[in-house]
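Here are a few friendly notes to read alongside the structure. Keep the 3D view open and find each residue as it comes up.

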Amino acid sequence: MTLLKRLIATLALLPALACANEGGFPLAHAPDRTKDVSALQNGAKLFVNYCLNCHAASSMRYNRLRDLGLSEDQIKNNLLFTGEKVGDLMKISMLPQDAKAWFGATPPDLSVIARAKASELGSGPDWIYTYLRSYYKDDSRPTGWNNMLFPNVGMPHVLWELQGTQVPKYSEEKDPHEEGKTIHKFEKFELVKAGKMSAIEYDNAVADLVGYLEWMAEPAQNTRKRLGVWVLLFLGVFLVLTWRLNASYWKNVK
């Protein structure tokens, strides 16, 4: 009976947990770019130029980018800037203790970040896509930036030159739990200083970057999925043959 009571109690809490999740900042759906080679190449360029200064990808080698159609010369000329070799891992020279002193926390390794950020609220790519589009100017923060999805974030907005500067706009609503009190509800972001890209161009660039991060978490994922289809087809045919062989073997057995 104890196990049954625990199960009933857990099921009773599910509606409450669902309501609690509704209060969070909603995740936007990230476009799937994992099969678009051009988008992945652009995402790799953005990753090396804007992310790899502070965040390592220590499970990834530069030469794996050949899977995206890049030659060794293209990798050397466009993605290697500090004397690394094509076969090197994507590491950084910044020391963890320095990073913690500057940002308040050591920047995480991004090798599998697209999987690590998955939760009941959405996929990892959805989280990163929303995160990189939700920065806003906040002079009260040490970096001058804050994030609607990740409040009081220590990471500055590294893509601000591309996106520009935006600020949140709120509406006032009556607090349903306390009479006479109003609450501020987020409505939208307003661009106050344009960046190098338009809003659509920036969203596409972020989608390319997120697509690359998703691909980097498992570079062989597209091959795995293609092989998986053939394996399932083979097993289906093999199942039919086994079924008919079994029927033939036992047909004279009473």
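1. Of the 254 residues of this protein, 31% count as buried. Please keep in mind that this is a predicted model. The accessible surface comes to about 16700 Å², and carbon and sulfur atoms account for 58% of that surface.

2. Now for the overall make-up. The protein has nine helices and six strands. Look also at contacts between residues at least 6 apart in sequence: 63% of them join residues at least 24 apart.

3. Next, a pair of helices. Two packed helices are described by the angle between their axes and the distance between the axes. Here, the axes of helix α2 (residues 37-51) and helix α8 (residues 199-217) come within 7 Å and cross at roughly 90°. An angle from 65 to 115 degrees counts as roughly perpendicular, so α2 is roughly perpendicular to α8.

4. Which residues meet where α2 contacts α8? On the α2 side they are Ala39, Leu40, Asn42, Gly43, Ala44, Leu46, Phe47 and Cys51. Their partners in α8 are Ala205, Asp208, Leu209, Gly211, Tyr212, Leu213, Trp215 and Met216. Sorted by class, this contact has 12 nonpolar, three polar and one charged residues.

5. Cys51, one of the α2 residues in that contact, brings us to the cysteines. How many disulfides does the structure hold? It holds zero. A disulfide is a covalent bond between the sulfur atoms of two cysteines. The sulfur of Cys51 has its closest cysteine sulfur in Cys54, 9.2 Å away, which is too far for a bond; the cut-off for a disulfide is 2.5 Å. Cys54 likewise is in no disulfide.

6. Cys54 is partly exposed, with a relative accessible area of 24%.

7. Gln221 lies in helix α9 (residues 221-250) and counts as buried, at 5% relative accessibility. Leaving aside residues up to four places away in sequence, Gln221 touches Thr34, Glu214 and Trp215.

8. Finally, a backbone detail. Most residues other than glycine have a negative phi. Asn152, however, has a positive phi, near 60°. You will find Asn152 in the loop between β4 (145-147) and α7 (160-163).

Note on methods
Residues are numbered from 1 along each chain as its sequence is written. This is a predicted model: local features need pLDDT of at least 70, side-chain atom pairs count only at pLDDT 80 or more; totals for chains, interfaces and linings use all residues. Side-chain values use heavy atoms; hydrogens and water are left out. Buried means under 20% relative accessible area, exposed over 50%, partly exposed in between (1.4 Å probe, protein chains only). Axes are lines fitted to C-alpha atoms, for helices over the stretch in contact, and angles run from 0 to 180 degrees between N-to-C directions. Helices (H or I, at least four residues) and strands (E, at least two) are DSSP runs, numbered from the N terminus. Angles under 35 degrees count as roughly parallel, over 145 as roughly antiparallel, 65 to 115 as roughly perpendicular and the rest as oblique. Contact means heavy atoms within 4.5 Å. Ala, Val, Leu, Ile, Met, Phe, Trp, Tyr, Cys and Pro count as nonpolar, Asp, Glu, Lys and Arg as charged, and the others, Gly among them, as polar. Accessible areas come from the Shrake-Rupley method with a 1.4 Å probe; for residues, only the protein chains shown count as cover.
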